[in-house]
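Open the model in your viewer and keep the selection panel at hand. The tour goes one stop at a time.

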Amino acid sequence: MSAADTHATEPLERGLVKSPPPAQDRPASGRGARRRPATRQNRTLPYLLITPALVVMAGVLGWPLIDTVVLSFQDMRRNNLWGGTTPPWVGLDQYTTILGDSEFWHVFIRTVVFVVVCVFFTMLLGLLIAMLLQRVSPWLRVMITSAMVAVWAMPLLVSTSVFKFMFDSDYGLVNELLSKLPGVDYAGHNWFLNPTSGLAIIAALVVWAAIPFIAISLHSALTQVPKELEEAARIDGASGFGIFRFVTFPVIKPVFVMTTTLSIIWDFGVLGQVLLMRNNHPEPDYQLLGLYSFTQAFTSNSFSTGAAISIITVVMLSGVSVYYLRQLMKIGEVE
Amino acid sequence: MTTAAKVTYKSKKKNRTGWNILGLLTFVVMGFPVYWMVITALRPSTEILSYHQKLWPSSITFDQFHRAMDMPNFWDNVKSSVIISLFSVIIAIGVGLLAAYALGRFHFWGRRGLMITLLLIQMIPGTSMLIPIYIQLNDMGGLNQYWGVIVVYAATTLPFSVWMLRGFIVNIPKELEESAMVDGCSQMAAFRRVVFPLLAPGLVAASIYALMTAWNEYLFAYVLLQDNDKYTLSIWLLNFTGQRGTDFGALMAGSILVALPVVIFFVMVQRKVASGLTAGAVKG
């Protein structure tokens with residue numbers, strides 16, 4: 001009775017509670033497919049179908065990746081590029097130089113702090129908004145979702161431009177509004193003079209732009225939490241937080257972990273936002289790992305140094321990637 | 001029992017107002033930068049370059065849009081963006097569809113490895129491939145050519161397109177195809193006549209997602225293209241910042257011009273994309 005009553009107030013959306021654990025139906029379909037007699041066509045056809053994709057990926061993604069590794073053991077510079085000469089082989093020199101350079105470690109630590117802050121706020125706010133979406137009236141949910149989808153689709157350089165304008169020292173709205181507070185004068189305040197506050201604004205931009213994907217994904221995961229379970233926990237006297245901790249979160253955990261790892265990887269690659277905010281010439285204090293590799297290669301024209309920094313980044317991220325992959329396999333998406 | 005039920009009901013009803021207020025706040029915070037962009041693009045320059053910004057415009061004008069479109073190379077860059085994203089999407093979806101069909105319908109040796117590769121590739125930062133691609137294109141004379149960027153975009157959007165299309169294919173019942181084959185279709189004919197029509201919405205969603213990725217990309221375009229009239233629209237936005245500061249009014253108008261097409265397309269297919277990105281559509 002009580003369950004039925006509360007359900008009546010819940011908006012009906014998207015219909016069904018999806019997916020029994022995929023583990024149940026998967027092996028059955030796999031066996032069924034294998035039992036069918038495989039004709040000769042069935043054996044070669046899939047390879048024919050994947051060949052074009054393999055060629056494109058191997059040529060444009062796989063090969064360059066190997067070449068990055070090779071480059072990082074050489075010393076490729078502008079004159080090699082123009083003259084077409086083979087760059088000299090320097091072994092591990094690039095790596096020892098980079099790892100012995102204190103500037104690299106400053107950039108590294110700055111990047112880690114930046115990523116941790118961004119990912120933390122993205123996931124926290126994304127989760128809160130996802131849960132909020134379940135609780136607001138349907139018309140408001142449509143409004144919030146539309147705003148988020150617009151933000152999601154915005155080109156990165158567009159959203160950066162908007163933030164740049166809002167935080168402009170002369171004509172920015174933020175300074176204007178802050179100055180309205182009693183006893184505060186932010187007129188003409190330059191947020192980017194101090195790299196910490198400048199990076200905080202860039203982090204705000206990154207978080208704001210990343211929230212839609214996280215919130216929408218988590219919201220669709222939340223709709224799969226069986227209402228009966230939450231109701232049962234509530235009747236048994238669980239507190240709001242207890243329900244979330246022991247009933248809701250375990251169900252959305254796979255999606256939560258996946259989106260977190262993706263955010264980590266994406267935020268490590270932040271580059272364009274800094275470049276545009278700093279008018280294409282970022283100060284040393286604004287260097288983040290992705291940008292650092294880019295500047296070394298294309299501004300200092302030391303392509304090999306840039307390549308070596310990329311490789312170091314990829315190696316550091318590989319732990320996260322492997323974790324992501326294991327999560328996916330655990331929930332049975334890669335069969 | 002009845003009282004308990006009533007209490008839950010009541011407290012839920014009462015709570016919603018509080019949630020709605022929070023929700024409105026979220027809407028305002030998320031949407032404000034978008035609002036600010038639109039409003040700035042529509043107001044006269046004197047109001048933009050003022051030390052007393054108002055939250056709403058006193059008059060509306062399309063001046064900023066005219067000035068933005070008068071910026072050098074606007075139409076050239078529109079052409080670049082359209083050519084590059086269109087061709088890269090066609091390649092990515094065409095090639096991707098074949099691979100997705102193989103992954104979704106066949107059990108072959110190496111299938112699992114291919115799927116893991118697709119996922120891993122998406123986790124490699126683009127910058128790490130930028131340097132060798134730049135050097136290679138330089139050797140092949142592909143710098144500053146559309147085809148260089150097209151091939152790169154097609155390849156970078158390919159893994160995700162395959163992954164997403166596979167999700168849609170898996171959700172089309174195999175029995176439909178099998179009955180077509182019993183009735184005398186070959187496997188490919190069954191695909192063309194049965195699966196393909198059913199796949200159309202998924203195909204549209206995947207294409208638009210790929211289109212959005214290509215349209216919004218800036219890094220490869222910035223490095224691989226060199227002439228002002230060959231840049232894509234994303235790069236065109238860098239024109240508004242000069243030695244003497246930024247022309248914000250025209251920049252906001254230009255931003256709207258760049259963002260509008262993809263935002264409209266994306267709003268239409270967002271649900272499908274969201275489910276393709278996470279668990280829902282990618283069940284085995």
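Start by selecting chain B and colouring it by burial: of its 284 residues, 45% count as buried. Keep in mind that this is a predicted model.

Stay with chain B and look at its outline. Its C-alpha trace spans about 80 × 75 × 35 Å along the principal axes. The radius of gyration of chain B is 24 Å, whereas a compact globule of 284 residues would have one near 19 Å.

Next, switch to a cartoon view. Chain B contains twelve helices and two strands.

Now select residues 187–216 of chain B, which form helix α9. This helix has 30 residues, and a straight helix would reach 44 Å at 1.5 Å a residue, but the end C-alpha atoms of α9 are only 37 Å apart. Zoom in on B:A200, where α9(B) bends by about 55°. A proline, B:P201, follows within four residues.

For the last stop, show chain A together with chain B. How many residues does each chain bring to the contact? Chain A gives 95 and chain B gives 91. On the side of chain A that touches chain B, select helix α3 (residues 40–72), which supplies the largest share, 18 residues. Colour that side of chain A by residue type: 61 residues are nonpolar, 25 polar and nine charged.

Terms used: Residues are numbered from 1 along each chain as its sequence is written. Chains are lettered from A and ligands numbered from 1 in the order in which they are written. This is a predicted model: local features need pLDDT of at least 70, side-chain atom pairs count only at pLDDT 80 or more; totals for chains, interfaces and linings use all residues. The expected span of a helix is 1.5 Å times one less than its number of residues. The bend at a residue is the angle between axes fitted to the seven residues ending there and the seven starting there. The radius of gyration is taken over C-alpha atoms; the globule rule is 2.2 Å times the number of residues to the power 0.38. A residue is buried if 20 or more other C-beta atoms lie within 10 Å of its own, exposed if 12 or fewer, and partly exposed in between; C-beta atoms are placed from the backbone. Two residues are in contact if their C-beta atoms, placed from the backbone, lie within 7 Å. Ala, Val, Leu, Ile, Met, Phe, Trp, Tyr, Cys and Pro count as nonpolar, Asp, Glu, Lys and Arg as charged, and the others, Gly among them, as polar.
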